[in-house]
Amino acid sequence: MAGGRIRARLRRSHLYTFLRKPRGNESGAPHPIQGPGYSRTVHCNQPLLHQKKPYKYRSNYISTTKYNPITFLPKALFEQFRRVANIYFLLAAGLSLTPVSPFGPWSMIAPLAFVVGLSMAKEAMEDWNRFLQDMKVNLRKVNVHKGDGVFGYRPWHKIVVGDVVKVEKDKFFPADLLLLSSSYEDGFCYVETMNLDGETNLKVKRCLEVTSPLDDDGVFKDFTATVQCEDPNPNLYSFVGNLDHDRQIYPLEPGQILLRDSKLRNTSYIYGVVIFTGHDSKVMQNSTKSPSKRSGIEKKMDKIIYLLFFILLVISLISSIGFGVKTRKDMPSAWYLRPDDAPDMYSPKKPAAAGAIHLVTALILYGYLIPISLYVSIEVVKVLQAKFINNDIHMYDEEHGTPAQARTSNLNEELGQVDTILSDKTGTLTCNQMDFLKCCIAGIAYGVRSSEVELAAAKQMATDLDDQDEHDEELANVPRKIHGQQVSWGNEVGSEIELETVVTSKDGKDPKPAIKGFSFVDNRLMDGNWLREPTCDVILLFLRILAVCHTAIPELNEETGEYTYEAESPDEGAFLVAARELGFEFCKRNQSSVYVREKYPDPGQPVEREYQVLNLLEFTSKRKRMSVIVRDEDGQLLLFCKGADSIIFDRLSKNGRIYEEASTKHLNEYGEAGLRTLALAYKKLEEAEYSAWNNEFQKAKASIGADREVMLERVAEKMEKDLIMVGATAVEDKLQKGVPQCIDNLAQAGLKIWVLTGDKMETAINIGFSCSLLRQGMKQICISTANLDTLGQDGKEAVKDNILNQITNASQMIKLERDPHAAFALIIDGKTLTYALDADMKHLFLELAVDCASVICCRVSPKQKALVTRLVRQGTGKTTLAIGDGANDVGMIQEADIGVGISGVEGCDG
């Protein structure tokens with residue numbers, strides 16, 4: 001604990017320069033909180049005030065069940081009698097109680113009660129399982145301030161608005177919290193939001209300076225404050241509010257809000273005050289009620305029942321007319337039936353009444369034309385099918401010991417009728433695991449192991465060769481090269497085993513055990529062999545950039561003695577593992593420096609070098625690069641930079657382009673192999689140059705106003721130029737086993753596949769290539785728009801028109817395409833999707849999407865996932881299947897005809 005506490009006390013004043021606002025901003029103008037939509041008042045550390053209206057808000061109890069004890073009977077009966085056949089059997093059972101019934105009532109009531117009872121019991125059992133999962137969440141414990149500076153554990157569902165809670169590392173936040181303080185002196189913490197947006201990288205949240213001293217249980221004895229903020233809403237990325245503390249008002253921002261279902265990472269603990277609870281929390285606002293889904297076969301059976309009922313009615317009418325005619329003509333001569341004293345149902349004086357009464361009798365008598373036993377059989381078969389799914393060994397996860405679970409048996413038969421699959425990406429298609437696979441240093445490519453995309457391509461080529469005529473059989477003995485490695489096409493050419501054997505076993509030694517995040521194989525760099533390379537000085541610089549240019553924090557694994565890394569992105573973690581395995585182990589970070597243990601040139605005596613971090617220019621999706629300015633032990637100032645190759649190449653000096661041509665060639669190869677690439681560069685700085693730039697940079701940091709970010713960007717741009725190219729990295733986002741083959745098989749079967757992800761567009765496109773969703777030669781249609789934050793109402797109308805034009809032009813391009821084999825892929829981001837889903841545009845968007853072989857929606861919110869799924873289901877009228885593995889996928893899963901939730905890294909809320 002002591003070591004963790006020391007690490008936690010790091011001040012990060014020199015880091016996150018784009019992230020952090022200047023201290024002066026806290027005492028700036030508060031947000032104008034008034035009017036509708038901003039009525040919520042939270043009395044911090046005074047939960048008793050929230051027991052009465054108007055401050056009594058919803059409890060923290062959550063429920064995702066379809067029923068409760070009060071609503072079960074009426075709702076379940078309604079569900080059962082949505083079936084036309086059950087309505088008919090109910091009417092027939094009612095008529096069987098009358099004197100006109102040809103047989104006893106129990107012959108009609110018993111089968112109906114059995115069918116309805118069995119279905120309701122099945123519904124109750126499935127909903128009970130949902131209830132148990134909800135209670136598992138509701139009964140989680142969290143540390144809550146009970147008064148007088150004393151904290152104690154309390155179940156989540158008993159937390160109320162205004163409670164101060166203490167959340168420990170690797171625990172979920174029980175409600176939407178305002179961050180008050182953390183174990184770090186600067187009051188920041190790391191948050192994992194996979195359950196909300198599907199992203200695996202950590203987010204940094206930071207409290208107000210005024211509350212950061214509240215870092216101990218005892219100080220909350222006398223703490224009080226008031227928060228005035230927005231009402232509950234589903235927007236995950238915005239928050240407007242003010243904190244009133246000690247007669248001062250401080251504006252609050254999304255960076256100070258910790259959302260329910262996200263997890264605290266890499267931080268010992270945080271203190272927070274509860275703002276939104278239960279179904280008022282943003283994640284629950286994004287969820288939808290559990291729908292009542294009916295399978296296609298049930299709807300089809302309803303139509304068949306209508307037809308059968310019509311036939312039954314015709315037969316009964318013919319029978320009743322015949323009975324009426326016969327009663328009128330023949331009844332008077334049947335003296336033994338005493339026609340003068342006959343009741344209405346046999347009276348020759350009232351043949352119409354006799355016929356009408358007989359109609360009812362006939363409907364009951366011929367009622368077996370509509371077979372109730374069919375429903376009994378189907379219900380039993382469905383339950384047994386669900387049991388088979390639960391016991392399917394092929395869907396059993398050995399790693400976590402989790403079997404498949406059919407949460408409803410109503411939809412089993414729909415699985416064979418799916419037309420469109422809508423899938424999450426992170427944790428569903430991929431394993432959330434980045435592997436360092438290849439690199440290019442000084443224009444030389446290193447790394448001989450093939451990516452999954454290359455293996456799939458080689459396998460396909462082998463299959464094509466096997467399909468050729470026998471007179472081409474001699475090709476099987478012709479050696480081929482894959483990235484410099486000879487591979488024979490004979491004996492099941494191109495199989496994964498043979499390719500792996502070529503690159504891993506050529507020295508005859510047993511392969512090393514797998515290292516998470518590191519699949520690199522090349523003897524030229526490993527075990528210090530890089531020292532014998534002619535470009536060893538560039539390789540040294542490359543490895544130092546990997547070990548120094550990042551924002552991660554190391555954690556020592558006491559069992560293995562190795563360091564693991566908590567990084568903001570999985571790529572960054574893979575780089576640090578690669579640097580460690582190649583002899584440059586990042587081992588420590590303090591408030592102003594990072595320390596790297598360099599194993600070479602003398603492996604027996606590693607040298608720990610200190611690099612003083614002077615500035616860190618943060619990675620953003622707009623900048624597409626990050627830089628760190630450091631001073632090494634010799635006093636030399638260095639700028640290390642890594643980013644997208646196009647961005648880095650534009651910033652190279654004339655003499656820094658020596659390796660540009662060769663590196664570009666290798667980067668193109670890596671891209672074709674489905675790998676994520678980054679370019680690395682550096683430059684040496686003079687003291688005077690750095691001093692002048694730093695003064696300008698500090699002024700930009702201290703500025704207050706809307707143009708602060710623009711000023712910081714402009715100043716950073718001045719430093720990040722005239723760079724010298726060092727090399728490039730290529731990492732592979734590991735796919736789930738068999739994903740490319742599965743997608744190929746589904747595509748060949750005619751199924752359309754949409755990927756809905758919270759990831760950036762570049763990431764989603766890379767994964768699209770990796771999993772065969774996107775293929776070389778496929779024409780990409782990218783629909784996006786400029787930053788909307790600065791646009792007024794007129795500007796947004798212009799953006800809407802622009803998006804409409806893009807959709808129209810793309811549809812026209814597809815229609816005019818003459819190549820019958822041309823394939824199109826549609827890629828759209830979340831902001832653009834907001835407009836595309838408007839009522840006047842969504843059908844045009846759907847028409848375009850349906851014409852494309854693949855669709856990728858990036859940066860989408862959970863609500864947008866659900867809306868897109870609803871659009872596809874309702875717009876096409878075809879069966880849709882949604883698959884995901886996090887709470888951010890629940891809405892999508894519920895909207896689809898069939899929902900599949902995966903118990904994965906993001907959780908099993910689906």
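A residue is called buried under 20% relative accessible area, exposed over 50%, and partly exposed in between (1.4 Å probe, protein chains only). The structure is a predicted model, in which local features need pLDDT of at least 70 and side-chain atom pairs count only at pLDDT 80 or more, while totals for chains, interfaces and linings use all residues. Residues are numbered from 1 along each chain as its sequence is written, and side-chain values use heavy atoms, with hydrogens and water left out.

**Exercise 1.** Determine whether Glu 585 is buried or exposed, and describe its salt bridge with Arg 597.

Solution. 
- Glu 585 has a relative accessibility of 14%, so the residue counts as buried.
- A salt bridge (a side-chain nitrogen of Lys or Arg within 4 Å of a carboxyl oxygen of Asp or Glu) joins Glu 585 to Arg 597, with the closest N and O atoms 3.4 Å apart.
- Glu 585 belongs to strand β21 (residues 584-589) and Arg 597 to strand β22 (residues 593-598), so that the pair links distant parts of the chain, 12 residues apart. Helices (H or I, at least four residues) and strands (E, at least two) are DSSP runs, numbered from the N terminus.
- Arg 597, at 29% relative accessibility, is partly exposed.

**Exercise 2.** Characterise the salt bridge between Glu 598 and Arg 609, and state how many salt bridges the whole structure holds.

Solution. 
- The closest N and O atoms of Glu 598 and Arg 609 are 2.8 Å apart.
- Because Glu 598 lies in strand β22 and Arg 609 in strand β23 (residues 607-617), the pair ties together parts 11 residues apart in sequence.
- Glu 598 is buried at 1% relative accessibility, whereas Arg 609 is partly exposed at 26%.
- A search of the whole structure gives 35 salt bridges. Arg 625, Arg 651, Glu 713, Glu 717 and Glu 720 are linked in a network of such bridges.

**Exercise 3.** Which residues have the most contacts inside the largest nonpolar core?

Solution. 
- A nonpolar core is a set of buried Ala, Val, Leu, Ile, Met, Phe, Trp, Tyr and Cys residues joined through side-chain atoms within 4.5 Å.
- The largest has 52 residues, and Phe 436, Ile 441, Leu 525 and Phe 640 have the most contacts inside it.
- Helix α12 (residues 536-548) supplies the largest share of this core, nine residues.
- Another core, of 48 residues, lies apart from it and includes Trp 156 and Phe 276.

**Exercise 4.** Where does Ala 764 lie, and what does Ala 764 touch?

Solution. 
- Ala 764 is in helix α19 (residues 761-770) and is buried, with a relative accessible area of 3%.
- Not counting residues up to four places away in sequence, Ala 764 touches Thr 757, Ile 856 and Cys 858.
- Ala 764 and Ile 827 are 63 residues apart in sequence and 9.0 Å apart in space, C-alpha to C-alpha.

Terms used. Contact means heavy atoms within 4.5 Å.
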